[in-house]
Amino acid sequence: MGQDGAQEKAARRAALRNEYWRTMTNPHNHLRGEGGGVFDTGLARFQAMRVNHFEHFKPTGRSFKIGLFTVVIPIIVYAKMMKHERDQREQQYRTGQVSYADRRFKFI
């Protein structure tokens, strides 16, 4: 960015800063119903985009795979691991490999 570009950028920033302060310090904003704040169109568009995102969602194979690999498969794998571990512990209890005094959750 050359010297001219930097000066133009500084001039734009100064103009925007002056407009912002003029808008924020205007004592008559309440007459227009603005409530004393500056309406930022960019922020309003961003918030509207975030709200409307799910209304325009189109399920695809990629989104299905993402949901499958991040939600469904981990739950199934964890359930199978827990079932296997509990079955092994139950087998040890039934065959007498673990004494009653050493068992976990013996009062439940």
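Visitor: How many aromatic pairs does the count come to?
Guide: One aromatic pair. Keep in mind that this is a predicted model.
Visitor: Are the rings of that pair stacked or edge-to-face?
Guide: Edge-to-face. The partners are Tyr20 and Trp21. Their ring centres lie 5.8 Å apart. The planes sit at 75°, and over 60 counts as edge-to-face.
Visitor: And Tyr20, how does it count by relative accessibility?
Guide: Tyr20 is partly exposed, because its relative accessibility is 41%, and that class runs between 20% and 50%.
Visitor: Switching to charges. How many salt bridges does a search of the whole structure find?
Guide: Three. One joins the side chains of Lys83 and Asp87, at 3.1 Å from N to O. Another joins Arg89 and Glu85, at 2.9 Å. Then there is Glu90 with Arg94, where the closest N and O atoms are 2.7 Å apart.
Visitor: How far apart in helix H4 are Lys83 and Asp87?
Guide: Four residues, so about one helical turn separates them. Glu90 and Arg94 are also four residues apart in helix H4, again about one helical turn. Arg89 and Glu85 have that four-residue spacing in helix H4 too.
Visitor: Where does helix H4 run?
Guide: Residues 61-95.
Visitor: Back to Glu90 and Arg94. Which is exposed and which is partly exposed?
Guide: Arg94 is exposed, with 67% relative accessibility. Glu90 is partly exposed, at 34%.
Visitor: What about Arg89, buried or exposed?
Guide: Buried. Its relative accessibility is 18%, and the cut-off is under 20%.
Visitor: Zooming out. What percentage of the protein's residues count as buried?
Guide: 5% of the 108 residues. Arg89 is one of the buried residues.
Visitor: And the accessible surface, what does that come to?
Guide: About 10,200 Å². Carbon and sulfur atoms account for 60% of it.
Visitor: Last one. How many helices and strands in the secondary structure?
Guide: Four helices, zero strands. Along the sequence the pattern reads α-α-α-α.

Definitions and conventions. Residues are numbered from 1 along each chain as its sequence is written. This is a predicted model: local features need pLDDT of at least 70, side-chain atom pairs count only at pLDDT 80 or more; totals for chains, interfaces and linings use all residues. Side-chain values use heavy atoms; hydrogens and water are left out. Helices (H or I, at least four residues) and strands (E, at least two) are DSSP runs, numbered from the N terminus. Buried means under 20% relative accessible area, exposed over 50%, partly exposed in between (1.4 Å probe, protein chains only). Accessible areas come from the Shrake-Rupley method with a 1.4 Å probe; for residues, only the protein chains shown count as cover. Rings of Phe, Tyr and Trp (its six-membered ring) pair if their centres lie within 6.5 Å; planes under 30 degrees apart count as stacked, over 60 as edge-to-face and the rest as tilted. A salt bridge is a side-chain nitrogen of Lys or Arg within 4 Å of a carboxyl oxygen of Asp or Glu.
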